[in-house]
Amino acid sequence: MKLKRMLLTLLVLCLTIGALVLSASAAEIVDSGSCGENTVWKLDDAGVLTISGSGAMYDYQGNSTPTPWYPYLNEITELHLPEGMTHIGAYAFWSMYNLQELIIPSTVKTIGQLGCSYLRKITHLEIPASVTTINTSAFDGCSSLTELVSLVGLYLCVGNLLIFC
């Protein structure tokens, strides 16, 4: 009887510790909001920016009309974009210096001006065939970029795409 009680107590203790460890490791949401008519964003305390929804993101204007995640630019290390997104907004991911990878969904059709510029740690970028328009300086300042792959489908390039790379 004492052995059963000790084993039960030990089991409860192990389950409690396991639950505490799992809850402590779950990322907390730092901030969130809207970034398009049908797109929303959230940033967690691990530096992961997740965009959800479908359609076009809003266009932004750098410092004068910044993205809602602008205060956290230096903390963002990972970016998740949804299939269903059709437009990466102007200045959307501008100056995310610590972002290491950018995967453009196969549903994106347009990339706004300076939309993916100054991503200094990106080394490889694949532009899906769905992209038909890339606006001025969309990838400007991606100084570590060593490989750019376009999967054909591009119809219109406005201005300079890659300056100071």
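Burial is expressed here as relative accessible area, with residues under 20% called buried, those over 50% exposed and those in between partly exposed, for a 1.4 Å probe and protein chains only. By this scale Thr 67, at 6% relative accessibility, counts as buried. The structure is a predicted model, in which local features need pLDDT of at least 70 and side-chain atom pairs count only at pLDDT 80 or more, whereas totals for chains, interfaces and linings use all residues. Residues are numbered from 1 along each chain as its sequence is written, and side-chain values use heavy atoms, with hydrogens and water left out.

Strands (E, at least two residues) and helices (H or I, at least four) are taken as DSSP runs numbered from the N terminus, and two strands are regarded as paired if DSSP finds at least two bridges between them. Under these criteria, four strands form an open sheet in the order E1-E2-E3-E5, with mixed pairing. Its edge strands are E1 (29-34) and E5 (78-80), each of which pairs on one side only. From one strand to the next the twist averages 15°, the axes being lines fitted to C-alpha atoms (for helices over the stretch in contact) and the angles running from 0 to 180 degrees between N-to-C directions.

Within this sheet, strand E2 (residues 39-44) and strand E3 (residues 48-53) run antiparallel and are joined by five bridges. Trp 41 stands opposite Ile 51 in E3, and the bridge partner of Leu 43 in E3 is Leu 49. The hairpin of E2 and E3 has three residues between the strands, and Gly 47 takes a positive phi near 85° in it. E3 also pairs with E5, in the parallel sense and over three bridges, with Thr 50 standing opposite His 80 in E5.

Ile 29 and Lys 42 are 13 residues apart in sequence, while their C-alpha atoms are 6.8 Å apart in space. With contact defined as heavy atoms within 4.5 Å, and not counting residues up to four places away in sequence, Ile 29 touches Lys 42, Leu 43 and Asp 44.

Parallel pairing is also found around strand E6 (residues 85-88), which is joined by two bridges to strand E4 (residues 55-56). In this pairing the bridge partner of Ala 56 is His 87 in E6. Two bridges likewise join E6 to strand E7 (residues 110-111), again in the parallel sense, and Ile 88 stands opposite Ile 111 in E7.

A nonpolar core is understood as a set of buried Ala, Val, Leu, Ile, Met, Phe, Trp, Tyr and Cys residues joined through side-chain atoms within 4.5 Å. The largest such core has 38 residues, of which Leu 49, Trp 69, Ile 88, Phe 93, Ile 111 and Phe 139 touch the most other members. The elements that give two or more residues to this core are E2, E3, E6 and strand E8 (124-127). Not counting residues up to four places away in sequence, the contacts of Phe 93 include Leu 49, Met 57, Trp 69, Ile 88 and Cys 116.

Rings of Phe, Tyr and Trp (its six-membered ring) are paired if their centres lie within 6.5 Å, with planes under 30 degrees apart counted as stacked, over 60 as edge-to-face and the rest as tilted. A search of the whole structure finds five aromatic pairs. Trp 41 and Trp 69 form an edge-to-face pair, at 5.5 Å centre to centre and with 70° between the planes. This pair links distant parts of the chain, with Trp 41 in strand E2 and Trp 69 in the loop between E4 and E5, 28 residues apart. Both Trp 41 and Trp 69 are buried. The rings of Tyr 91 and Trp 94 have centres 5.4 Å apart and planes at 80°, so this pair is edge-to-face.

Tyr 91 is itself buried, with a relative accessible area of 16%.

With a disulfide defined as a pair of cysteine sulfur atoms within 2.5 Å, the structure holds zero disulfides. The cysteine sulfur closest to that of Cys 116 belongs to Cys 142 and is 7.4 Å away, too far for a bond. Cys 116 is buried, with a relative accessible area of 0%, and Cys 35 also counts as buried, at 0% relative accessibility.
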